[in-house]
Amino acid sequence: VKIEVDNWNTKNFSIKNDTQKIALNNLENCDKIIIDTNIGQKKIISEEMSWNLYLSGSANVYVIYETGKFVCVGAYGKILLSKDGKNWISQVSNTSNSLQCVSYSQDLSLFIAVGASGVILTSADGITWTSQTSGVSSNLNYVCYSSTLGLFTSCGASGVILTSADGITWVSQTSGTSENLTCVLYSLKDN
């Protein structure tokens, strides 16, 4: 289950995933929350905390909210776009590889999606997507952007770590492991 909140003034936030049952506790000041159940259903909680169920027609795996729109990526290269979290429009990705993660750089005004077989896609608007060369054939599981470092970082299967300053040219980094890497985060603190 993936979750995205478009107002991160949430306190004591928690998720429990038990056979597609999701519990959200102590939500405050949240304008909208969208949860992807990985079975092609999106559950949206409004200000009133009432549940609504929307079908997207795809088993999507990751959703972000940036530049006034939701961007959702998933299986078979599926990319969906929505301005309201209810009405979803399919975008052309030009790949049949599953997409695992999408991130956004405000500095570069650029979306990045990564996925199976080293696929990397970029888009300035979330609508038109361009394939970039990753230089790897391993699955990429996650991508994030650090404005402090001015750097995208992606990680994946077989210990793969890639970095890019522009989202177009990617450089392989040594991870020291052959394990499957599923997430990479950036922190302002050293601890």
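Student: Why does Trp 88 count as buried?

Tutor: This is a predicted model, where local features need pLDDT of at least 70, side-chain atom pairs count only at pLDDT 80 or more, and totals for chains, interfaces and linings use all residues. Residues are numbered from 1 along each chain as its sequence is written, and side-chain values use heavy atoms, with hydrogens and water left out. Now, buried means under 20% relative accessible area (exposed is over 50%, partly exposed in between; 1.4 Å probe, protein chains only). Trp 88 has 15% relative accessibility, so it counts as buried. Phe 70, at 2%, counts as buried too.

Student: What makes the pair of Phe 70 and Trp 88 tilted?

Tutor: Rings of Phe, Tyr and Trp (its six-membered ring) pair if their centres lie within 6.5 Å; planes under 30 degrees apart are stacked, over 60 edge-to-face, and the rest tilted. Here the centres are 6.1 Å apart and the planes make 45 degrees, which gives a tilted pair. Phe 70 sits in strand β8 and Trp 88 in the loop between β9 and β10, so the pair ties together parts 18 residues apart in sequence. The structure holds five aromatic pairs, and ring pairs also link Tyr 104, Phe 111 and Trp 129 into a cluster.

Student: How do you know that β16 and β17 pair?

Tutor: Strands are DSSP runs of E, at least two residues, numbered from the N terminus (helices are H or I, at least four). Two strands pair if DSSP finds at least two bridges between them. β16 (residues 151-156) and β17 (residues 161-164) have four, in the antiparallel sense, with Cys 155 opposite Ile 161. β15 and β16 pair over six bridges, also antiparallel, and Leu 140 stands opposite Gly 156 there.

Student: What makes β15 and β18 edge strands?

Tutor: The open sheet runs β15-β16-β17-β18 with antiparallel pairing. β15 (140-146) and β18 (171-173) each pair on one side only.

Student: Why is β16 called largely enclosed?

Tutor: Five of its six residues are buried, so the rest of the structure largely encloses β16.

Student: Which pLDDT does the model have over residues 1-32?

Tutor: pLDDT is the predictor's confidence in each residue, from 0 to 100. Over residues 1-32 it stays under 50, and residues 36-56 stay under 50 as well. The chain mean is 75, with 65% of residues at 70 or more. Where pLDDT is low, the predicted coordinates should not be read in detail.

Notes: Contact = heavy atoms within 4.5 Å.
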